[in-house]
Amino acid sequence: MKKVRIGIIGAGFIANVHAGAYQQVQHFFGNDVVPELVCCCDLDEGKAKRMCEKHNMQWYTTDWHKVVESDDVDAVVIATYNASHVPIAIEAAKHGKHIHSEKPLGMNAEQTSEAVRVIQEAGVIAAVGFNCCKHPIQEYVKRLIASGELGEVVYFRGVSDQDYYLDDPSHTQDFVWRMSKEHAGSGALGDLLAHTISLSQYLIGDTAEVSGMTQIVFPERPDFYDPTKIYQVENDDICQYTFKYANGGIGYMSSSRVAAGRKMGVDYEIQLTKGAIRFTLERMNEVQIYRHDENPEERGFKTVYVAPGHGDYSRFYGGAGIEIGYSDGKICDAYHFLTCVAENKQPELDFAFGDKVQKIIDAVLESAANGSKWVKVAD
């Protein structure tokens, strides 16, 4: 049994999801690797204190440097605003800490490539939390595509839509840090579409070239505390781009954070030479499969429910079709990170993977700023 002592930086929603996931790892995956939540950090001392008490941690602080410098911490979870991910990760690596960072990894590819270099020199394990990729049903899809049973990938159509920043009749959505270029970088592109980009990267492979567009739908938002104070929205409410894969095939991606009616619309359709695959995260425990070589009278999309044999599903249930949820995906994510720490190997969704996703985001932003011209994704 190996114990990994963890410090969590951030005390908001996603930080608490991470904390809960690590506390559930032993229940589902056993005692090979045991996480111990040691401490947490947040600029808001009250939030840090509440999180510390909620998850039975030993101490809390408002200074993240104390976490990465602590001799009582082996690994850090970075669950803060986007602009802080890489600076914290680099400092943590210099202190020999393993790193589990939220997505997107950084603000731009220059920053994320530097993080990859520092991680390699430090010899620490570093993962990015693209947890959609490690959901058991995606492990099945990845294996199905790799088998060649459905032929070669021809086309990928991906979406990531939510409506949580859409105004309603009783309330104008307030300005939040995700609308600031300084703190978030891009908007819907990096915050939401990064999930679908990661699925494309994980399931199929590298993107070679993109042509993109972005738009701000609501250019002004009021301050949460003082509605008379107005801020300018600095990044994209909606975005879209067409692209070419390095290994053949083409695709289209779009995202909106003001998409009326969509709640967790991380969707894709993959068209292949002998079939097709459809998925939406709003029905995350099933995938639609079409096989063109079936009896013509019976052709059509058929539902495959999550089942034993699909990734880590059997860790949760022994029978097919019993739904697992978003937080369960985080448990799988936490377990794989811990296992990689114990075995001293980089995870599939490592900082190099996060760097590739960031380079796609950068290329889309460059294209959008230059009249949707085609831009090659950096090597």
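**Reading the overall fold and its core**

Author: With 379 residues, a compact globule would have a radius of gyration near 21 Å, and the protein chain, at 21 Å, agrees with that. Please keep in mind that this is a predicted model.

Reader: What does the C-alpha trace span along its principal axes?

Author: Spans along the principal axes describe the extent of the C-alpha trace; here they are about 65 × 55 × 45 Å.

Reader: How many helices and strands does the chain contain?

Author: The protein chain holds 10 helices and 17 strands.

Reader: What share of the contacts joins residues 24 or more positions apart?

Author: Among contacts with a separation of 6 or more, 69% are between residues 24 or more positions apart.

Reader: Which residues touch the most other members of the largest nonpolar core?

Author: A nonpolar core joins buried residues through side-chain atoms within 4.5 Å. The largest one here has 105 residues, and Ile99, Ile270, Ile277 and Phe351 touch the most other members. A second, separate core has 5 residues, including Tyr165, Phe175, Met179 and Val233.

Reader: Which residues does Phe351 touch?

Author: Leaving aside residues up to four places away in sequence, Phe351 touches, among others, Ala89, Ile99, Leu105, Val116 and Ile119.

Reader: How far apart are the mean positions of the positive and negative charges?

Author: The chain has 37 positive and 53 negative charges, and their mean positions are 3 Å apart.

Definitions and conventions
Residues are numbered from 1 along each chain as its sequence is written. This is a predicted model: local features need pLDDT of at least 70, side-chain atom pairs count only at pLDDT 80 or more; totals for chains, interfaces and linings use all residues. Side-chain values use heavy atoms; hydrogens and water are left out. Helices (H or I, at least four residues) and strands (E, at least two) are DSSP runs, numbered from the N terminus. The radius of gyration is taken over C-alpha atoms; the globule rule is 2.2 Å times the number of residues to the power 0.38. Contact means heavy atoms within 4.5 Å. Lys and Arg count as positive and Asp and Glu as negative; His and the chain ends are not counted. The place of a charge is taken as NZ of Lys, CZ of Arg, CG of Asp or CD of Glu. Buried means under 20% relative accessible area, exposed over 50%, partly exposed in between (1.4 Å probe, protein chains only).
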